[in-house]
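Colleague: I have a model open and would like to learn how to read it. Could you take me through it feature by feature?

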Amino acid sequence: MIATSKITMRFGKTALFEDVSVKFTPGNRYGLIGANGSGKSTFMKILTGQQDQSEGDVAIGHGCTLGYLRQDHSDFDEHTIIDTVYMGNPALWKLHCEREYLYSKDELTDEESDRCGHIEEEFGDAGGYTMEAEAATLLVGLGFTEDLFEQNMTVLQGGFKLRVLLAQVLFGQPDILLLDEPTNHLDMESIEWLVELLKRYTGTLITISHDRFFLNQVCTHIADLDYHEIRMFPGNYDDFTIASLDARELQEKANKKVEKQAHDLKAFISRFSSNASKAKQATSRKKTLDKLEMTKFKPSSRVSPFIRFAPKTRLGNKVIEASSVSKSYDEELFSGFSCTIGPEERVAIIGKNGIGKTTLLNILCNQLKSDAGEIEFGETVEVGMFPQDAASILDPEVSALDWLSRFAETGTSEVELRSFMGRMLFRGDDCWKKVGVLSGGEKARLIISKITMEGGNVLALDEPTNHLDLESIEALNFGLSLFPNTLLFVSHDHRFIATLATRILEVTEEGIVDYPGTLDEYEALKKSKKGKG
């Protein structure tokens with residue numbers, strides 16, 4: 001169990017949250033949600049003791065161990081991947097190191113010989129004889145092959161280092177598990193594996209995530225950080241969405257009832273206050289009116305962008321034709337792939353990390369040349385592109401407004417540019433921020449501003465939800481659902497794909513699977529084939 005009592009966090013005069021008293025109990029899995037900048041990560045750092053709160057206390061159950069998904073990716077660069085996982089259980093890791101040291105010596109002192117006689121029992125009781133198998137299971141589930149286990153952490157890029165750190169915290173089997181964006185850099189297969197593992201977890205789980213599928217599958221409760229406080233809702237993310245809307249609607253109805261009552265009382269008082277026979281009743285109603293109170297709605301920290309994609313040019317019947325395209329780097333990614341993509345198709349490109357999804361998208365959109373074969377566009381095609389790496393098109397040295405102006409038509413005014421940016425939540429002086437200081441979410445919204453302004457009639461998006469908060473993801477999801485033309489996108493967001501895709505291209509080691517249907521239909525087909533196999 002972990003609980004807070006009247007926790008307050010201030011930066012200067014600004015309060016992120018005030019007087020937060022909540023209890024997180026064993027057997028429950030909590031999704032900590034809130035808008036970007038609302039204080040979710042700060043609150044979690046306070047729970048772990050990494051950051052001191054301005055006021056209040058944190059209490060952890062007696063004897064409870066706490067595990068936290070680290071974000072400091074370089075701390076273990078001098079260690080092997082599997083040793084980094086072992087370190088998730090400090091007591092076992094200490095015994096393991098001592099045991100390895102003793103057995104590596106050619107000669108032992110009497111004291112060391114005596115220690116050898118006892119260490120095996122301690123090592124076994126601590127789980128030492130199954131540690132290699134358990135660590136391997138975690139690493140394989142997160143997409144690692146056994147040949148990597150003894151490699152140093154330095155061979156990995158940031159996304160895969162994060163996976164090892166996730167395996168580390170899971171290996172420790174803590175009583176309280178705190179995960180900050182655990183699905184970042186995970187592919188769909190690894191996310192589904194993590195979901196199943198966490199559903200079996202019996203301790204207290206608190207996780208921050210912007211992945212709606214993950215929150216729905218894992219969480220038994222939602223802890224909503226908004227209005228400078230945390231409110232607890234039973235159920236998953238969808239349950240929270242319904243419950244919070246219902247609560248707001250009920251309060252609005254109650255307010256309307258109070259408004260009507262106040263209106264009727266004022267009317268009576270106005271009509272009869274000067275009437276001697278009714279004066280007593282008017283006075284009584286005046287007292288009732290004075291006691292009436294309406295609930296004041298606090299301003300929410302949640303703000304949703306307004307995202308609409310309006311093609312400027314009509315799209316013809318011919319969109320994209322790929323003929324026998326192939327691509328290799330150190331190894332072959334795919335070869336001899338052909339497809340025809342029509343004017344109203346919504347194509348999701350899925351697959352494991354590093355398998356070639358971005359490469360395929362870029363080839364299909366003529367952003368990258370294939371080794372063989374060709375891509376042919378229809379004459380009317382104008383592609384609006386959202387790249388996975390924002391740095392590939394952003395200029396960190398100019399203001400957001402000046403960068404956007406580079407893509408505007410001649411004669412576009414500053415007012416019009418600010419209008420596009422305003423829909424993406426850039427207010428006032430935000431437009432003049434240098435691109436280099438923007439957050440990941442702001443950079444993503446700036447690129448969406450560019451795409452909406454350009455008005456392409458085909459959209460190609462590579463992991464567009466990576467840095468967006470839940471409100472922006474919902475707004476993007478809705479905006480794309482209204483887009484009338486061809487959509488191609490790479491994503492690991494299960495719900496994003498399930499609600500948009502009408503066709504699936506899965507990049508696998510054996511080649512590209514082209515399935516003409518939704519994600520749910522495709523997954524059902526794969527399960528049925530697996531069952532028959």
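Modeller: We start with the whole protein and then turn to single residues.

Modeller: This is a predicted model, so local features need pLDDT of at least 70 and side-chain atom pairs count only at pLDDT 80 or more, while totals for chains, interfaces and linings use all residues. Residues are numbered from 1 along each chain as its sequence is written, and side-chain values use heavy atoms, with hydrogens and water left out.

Colleague: What does the secondary structure of the protein come to?

Modeller: Helices (H or I, at least four residues) and strands (E, at least two) are DSSP runs, numbered from the N terminus. Here there are 17 helices and 19 strands. The C-alpha trace spans about 110 × 70 × 55 Å along its principal axes.

Colleague: Which domains does the assignment give?

Modeller: Domain bounds come from an automatic or database domain assignment. The protein gets domain 1 (1-65 + 174-235), domain 2 (81-172), domain 3 (252-291) and domain 4 (320-531). Between the C-alpha centres of domain 1 and domain 3 there are 47 Å.

Colleague: How do I read burial and contacts?

Modeller: Buried means under 20% relative accessible area, exposed over 50%, and partly exposed in between (1.4 Å probe, protein chains only). Of the 533 residues in the protein, 47% are buried. A contact means heavy atoms within 4.5 Å. Take contacts between residues at least 6 apart in sequence: 68% of them join residues at least 24 apart.

Colleague: Which residues of helix H5 are buried?

Modeller: First the general idea. An α-helix has 3.6 residues a turn, so residues three or four places apart point the same way. In H5 (residues 131-141), the buried set is Met 131, Ala 135, Ala 136, Leu 138, Leu 139 and Gly 141. Just after H5 comes Gly 143, with a positive phi of about 95 degrees.

Colleague: Which residues other than glycine have a positive phi?

Modeller: Gln 173 is one of them, with phi near 45 degrees. Gln 173 sits in the loop between helix H6 (158-171) and strand S7 (176-180). Gln 173 is exposed, at 60% relative accessible area. His 228 is another, with a positive phi of about 65 degrees. The loop holding His 228 runs between strand S9 (221-226) and strand S10 (229-234). His 228 counts as partly exposed because its relative accessibility is 44%.

Colleague: Where is Gly 12?

Modeller: Gly 12 is in the loop between strand S1 (2-11) and strand S2 (14-20). Its relative accessible area is 68%, so Gly 12 is exposed. Gly 12 and Met 44 are 32 residues apart in sequence and 20 Å apart in space, C-alpha to C-alpha.

Colleague: How many disulfides are there?

Modeller: A disulfide is a covalent bond between the sulfur atoms of two cysteines. The rule used is a pair of cysteine sulfur atoms within 2.5 Å. By this rule the count is zero. Cys 64 is in no disulfide, and the nearest cysteine sulfur, that of Cys 219, is 20 Å away. Cys 64 is partly exposed, at 26% relative accessible area.
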